[in-house]
Amino acid sequence: MRFKRVTLAQELTGDASLARLLSSLATRASADSYPLRNVASCVVEDGKANFAGLGADEHTEFEIASITKTFNAELLEQAITKGLVDTDTMVGDVLGQRVRGNALADVTLAELANHTSGLPRTGKQRPRSIARALLGLNPDVGVTSEDVIEQALSATLREPGVEEYSNLGHDLLGLLLARVSTTTYPTLIKEWVLDPLGMTETYVALPGTVGPDRPRGVSALGLPVQAWEMDGTAPSGGLRSTTSDMAKYAMHILERRSTRFTWANIKGTELYWHNGATRGFSSMLLLDLSTQRASFVTTDSYADIEWIAFELIGLHDPAREK
């Protein structure tokens, strides 16, 4: 495995003005933290989307990682609308005898969505998985839906009701929503979200689905990173998408204002956001409900890009001002 210096792509694509702004911001980001490589972005305003990229365009595929969790929120909203569940539906209502007597039985789907279930960030990590991640290999190989249930059942719940970010909670949520809908998670997200919104370039990266011609990311050290194909852990971060599709998704969320589950809110504002990162990709989706604007930025390297999404719509990231 050979180290290779990560350099920012110079080829500008899309809207010229937005591309120049993106180039300036990406250059700053590369100087401030880990370097960026190929970058793509979109800005949604007045019901329209503008795209710009550096070495990538609106149809270039990226891993959006934990932004996948906001799709779980959308699935939960739709399941409630369809009468399949409600905000008080508990894990025990879905898994029945399997969880009887376990504290997990009384956790609600809403608590799973909002990271207040008490479940830890991840299930018990296999040493092999940790080593694979450090080596740039897919750490989630072989983790099934059954493994997710067992990990959740064996976990010690920490202060239920207190927010603690949990990938395990969202893995379980995706599985439960699929069960009440009598289908699989990939089928559910395709039929309820991707197909209705025309998101034809987005898919759940199941094992064996990311072909050799699909983009791969690089680590902060410039090492190539294996595609993160997932099975049981797909609901917490398994989607691959493009800025073209993410613009469609952002417009849908802005129109519905459906941000009560999962989305992070900047207190005192109508700004909602979610980021995502694997070892080789980083993404950020920002929504401003007050102005009906949104921005999305993504790169095929492990880098700090959240603040760029704010700057793209003329705002400043409060986290960088502290």
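1. Asn-265 of strand β9 faces Tyr-272 in β10. This belongs to a predicted model, and the points below should be read on that basis. Strand β9 covers residues 264–265 and strand β10 covers residues 271–277; the two pair in the antiparallel sense over 2 bridges. Together β9 and β10 make a hairpin with 5 residues between them. In its turn, Gly-268 has a positive phi of about 85°.

2. The next pairing is that of β10 with β11, antiparallel over 7 bridges. This is a hairpin as well, with 4 residues between the strands.

3. Which strands make up the open sheet, and in what order? There are 7 strands, arranged β1-β3-β2-β12-β11-β10-β9, and the pairing is antiparallel. The edges are taken by β1 (12–14) and β9; each has a single partner strand, so one side of each is left without a neighbour in the sheet. As background, side chains in a regular strand alternate between the two faces of the sheet.

4. Ser-282 is located in strand β11, which spans residues 282–288. Is Ser-282 buried or exposed? Its relative accessibility is 3%; the cut-off for buried is under 20%, so Ser-282 counts as buried. The Ser-282 side chain reaches the backbone nitrogen of Ala-303 at 3.0 Å. Leaving aside neighbours within four places in sequence, the residues in contact with Ser-282 include Gly-276 and Ala-277, and also Val-297, Thr-298, Thr-299, Ser-301, Tyr-302, Ala-303 and Ile-305.

5. The largest nonpolar core contains 61 residues. Those with the most contacts inside this core are Phe-71, Val-91, Leu-112, Leu-172, Met-246, Leu-285 and Leu-287. Helix α7 (residues 167–180) supplies the largest share of the core, 7 residues. A separate core has 26 residues, including Leu-25, Ala-26, Leu-54 and Val-297. Val-297, from that separate core, is also in contact with Ser-282.

6. Which residues is Met-246 in contact with, leaving aside its neighbours within four places in sequence? They are Ile-64, Ile-67, Phe-71, Met-199, Ser-241, Leu-285 and Phe-296. Two of these, Phe-71 and Leu-285, are listed with Met-246 among the core residues with the most contacts.

7. How many aromatic pairs does a search of the whole structure find? The search returns 2. One is formed by Phe-62 and Phe-281, edge-to-face, at 6.1 Å centre to centre with 90° between the planes. This pair links distant parts of the chain: Phe-62 is in strand β4 (residues 62–63), Phe-281 is in the loop between β10 and β11, and they are 219 residues apart. Phe-62 and Phe-281 are both buried.

8. Phe-71 and Tyr-249 form a stacked pair, 3.9 Å centre to centre, with 5° between the planes. Phe-71 lies in helix α2 (residues 68–81) and Tyr-249 in helix α10, so this pair ties together parts 178 residues apart in sequence. Phe-71 is buried, with a relative accessible area of 0%, and Tyr-249 is likewise buried at 0%.

9. Thr-262, in the loop between α10 and β9, has phi near 75°, a positive value in a residue other than glycine. Thr-262 is buried, with a relative accessible area of 7%. Gln-292, in the loop between β11 and β12, has a positive phi of about 55° although it is not a glycine. Gln-292 is partly exposed, with a relative accessible area of 33%.

Terms used: Residues are numbered from 1 along each chain as its sequence is written. This is a predicted model: local features need pLDDT of at least 70, side-chain atom pairs count only at pLDDT 80 or more; totals for chains, interfaces and linings use all residues. Side-chain values use heavy atoms; hydrogens and water are left out. A nonpolar core is a set of buried Ala, Val, Leu, Ile, Met, Phe, Trp, Tyr and Cys residues joined through side-chain atoms within 4.5 Å. Buried means under 20% relative accessible area, exposed over 50%, partly exposed in between (1.4 Å probe, protein chains only). Contact means heavy atoms within 4.5 Å. A polar contact is a pair of N or O atoms within 3.5 Å; within protein, one must be able to donate a hydrogen and the other to accept it, and residues adjacent in sequence count only if both atoms are side-chain atoms. Two strands pair if DSSP finds at least two bridges between them. Rings of Phe, Tyr and Trp (its six-membered ring) pair if their centres lie within 6.5 Å; planes under 30 degrees apart count as stacked, over 60 as edge-to-face and the rest as tilted.
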